[in-house]
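Subject: Structure handover

Dear colleague,

I am handing over the structure we spoke about, together with some notes on what turned up when it was examined. Please read the notes with the structure open beside them.

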Amino acid sequence: MSQDEQGPETSGEANVAAKVAANEPVVIDLAAGTYFWCRCGLSSNQPFCDGSHRGTSFEPMRWKLEADRKVSLCQCKRTDKEPLCDGSHRQLGPGNSLGDAPSS
Ligand code: FES
C-alpha cells in the first residue's frame, strides 16, 4: 500500500497540538515502500495522511520502509520516534489529553 502519489501540501495557521487519533498504536504488516504518516491526527485513514491537515501547521511525515515488515505505528501523535509507537499513549489522561503521570 504505497502512498507515493499522495504528496503533502500545507499552509496556514499554527495549531496547538495534534489530535489524538487513537489511544493505542496500530500494528500492521506493511510492504516496502514510501508512506505518509499523519502527524495532525485528523486523517480518516489513520495512521496515514489523507490530506485533512490542509489549513493547519501540520505536515505528514514521509517515511520509507526498506523491507516488508510488521510495524507498530503511533496514532496518539505524541511519539518521539515518528512514526513508530514509543509508548507515549500510556501518558494520556482521560479524554485523550496529556495528563500528569499517575502518582503512586
Ligand atoms: Fe494528518 Fe495529513 S491528514 S498530516
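Leaving aside residues up to four places away in sequence, valine 71 touches Ile28, Leu30 and Leu84. Proline 25 is 46 residues from valine 71 in sequence, yet the two are 9.4 Å apart in space, C-alpha to C-alpha.

**Overall layout and confidence**

Please keep in mind throughout that this is a predicted model. The protein has 4 strands and 0 helices, so that from the N terminus on its elements run β-β-β-β. Buried residues make up 23% of the 104 residues, and of the contacts between residues at least 6 apart in sequence, 57% join residues at least 24 apart.

The mean pLDDT of the protein is 83, with 74% of the residues reaching 70 or more. Two stretches call for caution: over residues 4-15 the pLDDT stays under 50, although the model has 22 contacts for them beyond four places in sequence, and over residues 99-104 the pLDDT is also below 50, with 3 contacts in the model beyond near neighbours in sequence. Where pLDDT is low, the predicted coordinates should not be read in detail.

**The nonpolar core and tryptophan 37**

The largest nonpolar core consists of 12 residues, namely Tyr35, Phe36, Trp37, Cys38, Cys40, Leu42, Cys49, Phe58, Leu73, Cys74, Cys76 and Cys85. Strand S2, which covers residues 33-37, gives the most to this core, with 3 residues.

Tryptophan 37, one of the core residues, touches Pro47, Phe48, Cys49, Pro60, Met61, Trp63, Leu73, Glu82 and Pro83, again not counting residues up to four places away in sequence.

Glutamate 82 is found in the segment after strand S4 (69-73), where it touches Trp37, Met61 and Cys74 when residues up to four places away in sequence are left out. Methionine 61 is 21 residues from glutamate 82 along the chain, and their C-alpha atoms are separated by 7.9 Å.

The peptide bond from glutamate 82 to proline 83 is cis, with omega near 0°, and proline 83, like glutamate 82, lies in the segment after S4. A cis peptide bond also joins glutamine 46 and proline 47, with omega about 5°; proline 47 is found in the loop between S2 and strand S3 (61-65).

**Lysine 77**

The segment after S4 also holds lysine 77, whose phi is near 65°, a positive value in a residue other than glycine.

Is lysine 77 buried or exposed? Lysine 77 counts as buried, because it has 24 C-beta neighbours inside 10 Å and the cut-off is 20 or more.

With best regards

Definitions and conventions. Residues numbered from 1 in each chain as written. Predicted model: local features only at pLDDT ≥ 70, side-chain atom pairs only at ≥ 80, totals over all residues. Helix = DSSP H or I, 4+ residues; strand = E, 2+ residues; numbered from the N terminus. Contact = placed C-beta atoms within 7 Å. Core = buried A, V, L, I, M, F, W, Y, C linked by C-beta atoms within 7 Å. pLDDT = per-residue confidence, 0-100.
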